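The stops below go one by one.

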Amino acid sequence: MKKNIFLYLFVFVSLIALYMIVNGNKIQNANQMEIEKLQDEVSALKDSVQQEKLRVLDMQYFSLENNDDALAYYDHLSLKQPTRYIEDKLLETNERRGDNPLIPYEGMESDFKINKIKVMNHKWIVADFSDGQYWGDLIIKYELKDDLSVDFTLLDHLLYTRSN
């Protein structure tokens with residue numbers, strides 16, 4: 001009788017060990033597949049980040065901050081951030097009551113004001129304007145003088161039509 005109990009106990013322990021080995025292998029395989037999947041995803045995300053970095057560098061090509069030749073025009077001035085200074089001066093034209101004087105249109109819903117500004121180099125600016133309902137773009141020539149005043153001259157403009 002004692003011999004049978006040990007035999008049953010041995011078979012029972014053997015079955016539990018076999019179950020644990022098989023189950024452990026399945027878990028290990030599932031974990032390995034998950035690791036491979038995550039490694040592929042990380043690789044794809046790294047490629048995506050690299051593409052976005054290249055895209056950002058491409059977009060920054062026409063930018064005063066990245067144009068050393070254009071920045072050289074302002075070396076004699078004590079401006080730490082000439083782009084920010086020029087943008088601020090342009091935004092000051094929005095402070096007037098009514099439409100911005102650089103925008104050759106009258107606002108239909110409210111006053112046209114400049115929203116976004118891109119200082120391209122030491123001479124040109126591209127700007128976006130809107131009255132809340134209608135919008136357009138401007139190309140502005142500017143001159144930053146030695147006394148830190150800025151003269152703006154409108155070169156070209158367009159107003160988008162409503163697509164409704």
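Select Glu52 and Arg55. Their side chains form a salt bridge, with the closest N and O atoms 2.8 Å apart. A salt bridge here is a side-chain nitrogen of Lys or Arg within 4 Å of a carboxyl oxygen of Asp or Glu. Glu52 and Arg55 are three residues apart in helix H1, so about one helical turn separates them. Helices are DSSP runs (H or I, at least four residues), numbered from the N terminus. Glu52 counts as partly exposed because its relative accessibility is 38%. Arg55, at 49%, is partly exposed too. The cut-offs: buried is under 20% relative accessible area, exposed is over 50%, and partly exposed lies in between (1.4 Å probe, protein chains only).

A word on the model before moving on. This is a predicted model: local features need pLDDT of at least 70, side-chain atom pairs count only at pLDDT 80 or more, and totals for chains, interfaces and linings use all residues. Residues are numbered from 1 along each chain as its sequence is written, and side-chain values use heavy atoms, leaving out hydrogens and water.

How many salt bridges does a search of the whole structure find? The search finds three.

Go to Lys89 and Glu92 for another. Here the closest N and O atoms are 3.9 Å apart. Both residues sit in helix H3 (residues 82-92), three residues apart, about one turn of the helix. Lys89 has a relative accessible area of 25%, so it is partly exposed. Glu92 is partly exposed at 40%.

Stay in helix H3 and pick Glu87. Is Glu87 buried or exposed? Glu87 is buried, yet it has no salt bridge. The nearest side chain of opposite charge is Arg84, 4.6 Å away. For charge, Lys and Arg count as positive and Asp and Glu as negative; His and the chain ends are not counted. Show the neighbours of Glu87: it touches Ile117 and Val119, not counting residues up to four places away in sequence. Contact means heavy atoms within 4.5 Å.

Now select Asp151 and Lys145. Their side chains meet in a salt bridge at 2.6 Å, N to O. Asp151 is partly exposed, with a relative accessible area of 34%. Lys145 is partly exposed at 31%.

Last stop: select Phe6, Leu9, Phe12, Val13, Ile16, Tyr19 and Met20. Together they form a nonpolar patch on the surface, with about 770 Å² of accessible area. Phe6 lies in helix H1 (residues 2-59). Phe6 counts as exposed because its relative accessibility is 53%. Patches are made of residues with over 30% relative accessible area and no salt bridge; like charges are joined within 9 Å, nonpolar side chains (Val, Leu, Ile, Met, Phe, Trp, Tyr) within 5 Å. Accessible areas come from the Shrake-Rupley method with a 1.4 Å probe; for residues, only the protein chains shown count as cover.

Technical notes: Helix = DSSP H or I, 4+ residues; strand = E, 2+ residues; numbered from the N terminus.
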